[in-house]
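Morning, everyone. Please have a look at the screen.

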Amino acid sequence: MSRIIGLDLGSKTCGVAISDRSQLIARALKTIRFESDDYDDCFDQVLALLDEQDVHEVVLGLPKHMNGDIGIRGEISVQFAEELEKEGVKATLWDERLTTVAAEKILLEGDVSRRKRKKIIDQMAAVQILQNYLDRKRNGSLPE
């Protein structure tokens with residue numbers, strides 16, 4: 001099997017997680033930083049990373065409002081996924097509601113300092129997104 005990358009796309013950072021080859025475990029990989037709303041730069045960095053890691057599948061967090069609506073941030077993720085697909089990358093959008101909250105909780109329970117949490121929260125949210133996807137995939141319960 002090949003590895004999968006998970007992305008938590010923000011307005012200035014993109015948290016990145018990667019699976020193991022068996023697609024059982026997600027781990028933090030890095031945080032991509034870019035100028036505010038410069039998604040072209042972020043996209044180029046993601047493509048370079050995919051090439052470097054020899055990965056052809058991405059799970060991209062889809063931010064939704066709590067009522068399920070997709071707002072501006074969600075539309076940006078949809079467009080990002082469409083551009084990845086044009087480059088031959090399989091891109092799956094994944095509901096990311098509450099992943100940052102879950103990541104923050106894990107870091108707080110691990111007694112990680114506020115300064116360090118700020119540096120790695122996006123990576124941890126990407127881990128949550130990717131791990132949720134991997135778990136559902138392994139259990140055969142991915143949405144159609």
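Which residue forms a salt bridge with Lys90? Glu57 does, and the closest N and O atoms are 3.6 Å apart. For the term itself: a salt bridge is a side-chain nitrogen of Lys or Arg within 4 Å of a carboxyl oxygen of Asp or Glu.

Some ground rules. This is a predicted model, where local features need pLDDT of at least 70, side-chain atom pairs count only at pLDDT 80 or more, and totals for chains, interfaces and linings use all residues. Residues are numbered from 1 along each chain as its sequence is written, and side-chain values use heavy atoms, leaving out hydrogens and water.

Back to Lys90 and Glu57. Helices (H or I, at least four residues) and strands (E, at least two) are DSSP runs, numbered from the N terminus. Glu57 is buried at 10% relative accessible area, while Lys90 is partly exposed at 44%. Buried means under 20% relative accessible area, exposed over 50%, partly exposed in between, with a 1.4 Å probe and protein chains only.

How many salt bridges are there by this rule? The count is 3.

Next, helix H2, residues 72-86. Lys86 pairs with Glu83 there, closest N and O atoms 3.1 Å apart. The two are 3 residues apart, about one turn of the helix. Lys86 is exposed at 63%; Glu83 is partly exposed at 35%.

Last, helix H4, residues 114-138. Asp135 and Arg138 meet in a salt bridge at 3.0 Å, N to O. Asp135 is partly exposed at 25%, and Arg138 is partly exposed at 45%.
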